[in-house]
Amino acid sequence: MALLPQTAASQLMYASRAGNYDDSWHPQYAKRFVRIANPRAGQRILDLCCGTGLDLFLLAEALNEDGTADDGGIVIGVDATAEMLAVAAHRQKAQPELTDRVKLLRHDVTHLETLGTTDASARLEKHSFDTIVCSNAFVLFDDPDAVVAGWRRFLKPPVHTAATHSPNDSHEEHESHHHHHEPGGKLVVDIPHEAAQRGGLAMERVARRMGLVFPSNRSWVTSVNSFRDVLERNGYHVDRVIELDHISGQGATYYTAHHVDDLYDSLAKSSAFAAMVAGAGPGVEAATVVRHGRPIFREEFLKDAGKNGRVFMSDTMYVYVARLAT
Ligand SMILES: C[S@@+](CC[C@H](N)C(=O)[O-])C[C@H]1O[C@@H](n2cnc3c(N)ncnc32)[C@H](O)[C@@H]1O
């Protein structure tokens, strides 16, 4: 069976969500995320999977307010889905004062090395970014290690110089040491808590059992250390991990066997589920997948239940701030 590659599945999923993506908890969350990214005047920022630009325009506004017109501060947004970028482009038109601060590019962020091969103006300069952000997207990728490894080359590397000046004058007894350290660029990525949106997690397992692909990949996230490990084994140093709570506003919740059918029905209406069905190829009816998937979902979802029969659902996001290791 030919399954949809990750980027194609995401495009399918977000093409239909683009129009109402911003009618959600995302705009509020973007403010919290951007505060952690901490944009500064003159910085070059890369926003990977920028979507409709919720983070991108907050970043660009900050650069614009704090900077001068010619300070080089810019945010480059990259996303694979034309419909999401169209919303961002619309926003850009409405904020002409940000024209020179924002650049939007359509491309697969898991293959940035091929960006600009046909259009040199779209090429991303290596070792040139102060900040790379990727919000609400990382758990869509198939191969987390390969992705962070591929992004390394775009961050400004840390700089260490230790200059020792020997005195020319032999009367001077001391030498002066000048240590200079610039930490280099930072990568800011968020990853949902391992117990967040557990319906989607169970659906990943349902899809696998049915020989299909649910367009997200969170099965490798088992604790706050999972993404830290990915970063560290790919040459990053993790500065800090911030846990943001009440992401959707719901807070921690508990589900029981009584909720499973309602949860399944709402997930079966999602664009992610539609992408999973589309990936099965022509001739596969959504209704058939929904019917076959239901008992499997019940079984998979309730595997996460505690002794009291309740499934704990967190509303937390982990945000990682990392730099290239020295
Ligand atoms: C949930 S949205 C997040 C948008 C934005 N970062 C935010 O937080 O509001 C996920 C975005 O990832 C994009 N995406 C998924 N896989 C991608 C890939 N391989 N390359 C580029 N964009 C991708 C989708 O097109 C979608 O716009």
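I count two strands as paired if DSSP finds at least two bridges between them. The model I am reading is predicted.

**Sheet.** I looked up the strand order first. Seven strands make an open sheet, running β3-β2-β1-β4-β7-β11-β8, with mixed pairing. At the edges I find β3 (102-106) and β8 (236-244), each of which pairs on one side only. From one strand to the next, the twist averages 20 degrees.

I then checked what packs on this sheet. Helix α4 (residues 82-94) does, and it touches β2 (74-79) and β3. The direction of α4 makes about 165 degrees with that of β3.

I followed β7 (residues 186-192) against β11 (residues 317-324). They pair in the antiparallel sense over seven bridges. For lysine 186, I noted arginine 323 as the bridge partner in β11.

**Core.** I looked up the largest nonpolar core, which holds 86 residues. Those touching the most other members are Leu56, Leu59, Val75, Ile132, Cys134, Leu187 and Met276. Helix α3 (residues 54-66) gives the most to this core, with seven residues.

I took isoleucine 132 for a closer look. Leaving aside neighbours within four places in sequence, its contacts are Leu46, Leu48, Trp151, Phe154, Leu155, Gly185 and Leu187.

**Ligand shell.** I listed 21 residues around the ligand, of which Ser10, Cys49, Gly51, Ala80 and Thr81 come nearest. By class, I have nine nonpolar, nine polar and three charged residues in the shell. Helices α1 (6-17) and α3 each supply at least two shell residues. The largest share, four residues, comes from α1.

Note on methods
Residues numbered from 1 in each chain as written. Predicted model: local features only at pLDDT ≥ 70, side-chain atom pairs only at ≥ 80, totals over all residues. Core = buried A, V, L, I, M, F, W, Y, C linked by C-beta atoms within 7 Å. Buried ≥ 20, exposed ≤ 12 C-beta atoms within 10 Å, placed from the backbone. Contact = placed C-beta atoms within 7 Å. Near = placed C-beta within 6 Å. Nonpolar A, V, L, I, M, F, W, Y, C, P; charged D, E, K, R; others polar. Axes fitted to C-alpha atoms, helices over the stretch in contact; angles between N-to-C directions.
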